[in-house]
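Please read the following note beside the sequence and the three-dimensional view.

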Amino acid sequence: MSALTGLIIAAHGRHYLADADGAKLQCVTRGKKTNVAVGDRVKLTLTSPDQAVIDGIDERQTLLYRSDQYKSKLLAANLSQLFIVVATEPGFADDLVSRSLVAAEAAGITARLILNKTDVTASLGKTRERLAPYAALGYPVHEVSAKGDPAHAVATLAPLLAGQSSILIGQSGMGKSSLINLLVPDADIAVREISAALDTGKHTTTFTRLYQLPELGAGSSIIDSPGFQEFGLYHLSEGMLERAFVDFAPYLGQCKFYNCRHLIEPQCAVLSAVAEGKITRMRHTLYGQLLHESAQTLY
Ligand SMILES: Nc1nc2c(ncn2[C@@H]2O[C@H](COP(=O)(O)OP(=O)(O)OP(=O)(O)O)[C@@H](O)[C@H]2O)c(=O)[nH]1
Ligand SMILES: [Zn+2]
């Protein structure tokens with residue numbers, strides 16, 4: 001048995017795949033631990049030429065979560081950047097976009113939006129209007145067409161990926177896989193390899209995986225995660241929540257009560273900003289909903 005370090009490049013249930021200096025190792029945790037995430041750097045003990053046990057996780061720079069009432073689910077570790085993929089069609093859910101932005105802020109990760117399928121001109125104007133509030137909050141919106149102009153999509157996104165560890169998230173059908181295939185030409189082969197190693201069954205893409213992008217510079221990587229319809233944030237505490245709303249920042253500390261929850265309190269600076277149109281109702285409503293969720297946590 002020999003000890004070594006690796007990077008977790010895929011996770012499926014309690015099965016992980018690590019890259020240790022180019023060797024792909026199937027890994028399991030000790031006991032029933034499921035606290036490992038794609039992007040984690042880990043200490044490994046080899047148990048066979050292509051298998052290992054995870055003995056420890058290196059300190060994380062960042063950790064992105066989702067959670068429901070009962071448990072939290074690690075999405076990825078050590079990210080510097082989150083891309084939310086939306087499209088002109090099918091329509092996207094504002095709720096998911098907003099929640100993803102809050103999750104990124106809470107984790108200390110830069111967030112950007114990608115508007116894909118700009119070739120669908122019929123709904124382009126309307127979609128741009130829907131994205132304007134996010135741009136106004138300071139989140140960049142990058143317009144691409146993975147199918148209509150793949151070279152432009154790569155030219156737009158590659159510089160943003162250089163030197164960063166990024167994740168693409170989005171609802172099903174937005175074109176996430178199409179973008180990954182442009183940015184990672186061998187993605188299909190890698191998925192087949194990972195799928196075989198993790199024994200996930202032939203056609204599943206329901207696992208999170210990391211692709212290294214050495215041609216974009218050291219440390220560049222991109223994580224593809226399965227499409228999802230919900231983004232629970234039950235794990236965020238009240239204090240974390242108010243700070244994760246970047247539009248609240250100018251008003252925090254200005255309320256009459258130091259422990260103001262910005263819901264119904266008198267002389268609340270956040271509520272005043274909502275009344276004056278400086279914070280949108282949509283954002284404040286989401287904040288109220290997330291505050292409610294954070295009070296329901298059972299773990
Ligand atoms: N018109 C147009 N269609 C696109 C574009 N990019 C992707 N599509 C189409 O949109 C559909 C969904 O694309 P995928 O790349 O599979 O989307 P996804 O987000 O990975 O979806 P899931 O695999 O369900 O998670 C496919 O039919 C693509 O061909 C684009 O730029 N323009
Ligand atoms: Zn307040």
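1. Basis of the note. This is a predicted model, in which local features need pLDDT of at least 70, side-chain atom pairs count only at pLDDT 80 or more, and totals for chains, interfaces and linings use all residues. Residues are numbered from 1 along each chain as its sequence is written, while chains are lettered from A and ligands numbered from 1 in the order in which they are written.

2. Overall form. The C-alpha trace of the protein chain spans about 65 × 45 × 30 Å along its principal axes. The radius of gyration, taken over C-alpha atoms, is compared here with a globule rule of 2.2 Å times the number of residues to the power 0.38. For 299 residues a compact globule would have a value near 19 Å, and the protein chain has 20 Å, which agrees.

3. Burial and contacts. A residue is buried if 20 or more other C-beta atoms lie within 10 Å of its own, exposed if 12 or fewer, and partly exposed in between, with C-beta atoms placed from the backbone. Of the 299 residues of the protein chain, 39% count as buried. Two residues are in contact if their C-beta atoms, placed from the backbone, lie within 7 Å. Among the contacts with a separation of 6 or more, 65% join residues 24 or more positions apart.

4. Secondary structure. The protein chain holds eight helices and 13 strands. These are DSSP runs numbered from the N terminus: helices are H or I with at least four residues, and strands are E with at least two.

5. Domains. Which parts does the domain assignment of the protein chain give? They are domain 1 (3-57), domain 2 (63-224) and domain 3 (238-294); such bounds come from an automatic or database domain assignment. The C-alpha centres of domain 2 and domain 3 lie 28 Å apart. Their contact takes eight residues from domain 2 and 10 residues from domain 3. On the side of domain 2 that touches domain 3, helix α1 (residues 94-107) provides the largest share, five residues. By class, that side has four nonpolar, two polar and two charged residues. Ala, Val, Leu, Ile, Met, Phe, Trp, Tyr, Cys and Pro count as nonpolar, Asp, Glu, Lys and Arg as charged, and the others, Gly among them, as polar.

6. Strand β1 and its partners. Two strands pair if DSSP finds at least two bridges between them. Strand β1 (residues 3-12) pairs in the antiparallel sense with strand β4 (residues 41-48) over five bridges. In this pairing L4 has L44 as its bridge partner, and A3 has T45. β1 also pairs in the antiparallel sense with strand β2 (residues 15-20), over five bridges, with H12 opposite H15. The hairpin of β1 and β2 has two residues between the strands, and G13 takes a positive phi near 60° in this hairpin. A further antiparallel pairing joins β1 to strand β12 (residues 208-212) over two bridges, where A10 stands opposite R209.

7. Strands β4 and β5. β4 pairs with strand β5 (residues 51-57) in the antiparallel sense over six bridges. The two strands form a hairpin with two residues between them. V42 stands opposite I57 in β5.

8. Ligand 1. A residue is near a molecule if its C-beta atom, placed from the backbone, lies within 6 Å of it. Of the 17 residues around ligand 1, S172, G175, S177, S178 and G227 come nearest. Helix α4 (residues 176-183) gives the most to this shell, with three residues. By class, the shell has three nonpolar, 10 polar and four charged residues.

9. Residue V141. V141 lies in strand β10 (residues 141-143). Why does V141 count as partly exposed? The reason is that V141 has 16 C-beta neighbours inside 10 Å. Leaving aside neighbours within four places in sequence, V141 is in contact with L113, L115, L131, Y134 and A135. The C-alpha atoms of V141 and L17, 124 residues apart along the chain, are separated by 33 Å.

10. Residue P214. P214 is placed in the loop between β12 and β13 (221-224). P214 counts as exposed because it has 9 C-beta neighbours inside 10 Å. From P214 to G91 the C-alpha distance is 34 Å, and the two are 123 residues apart in sequence.
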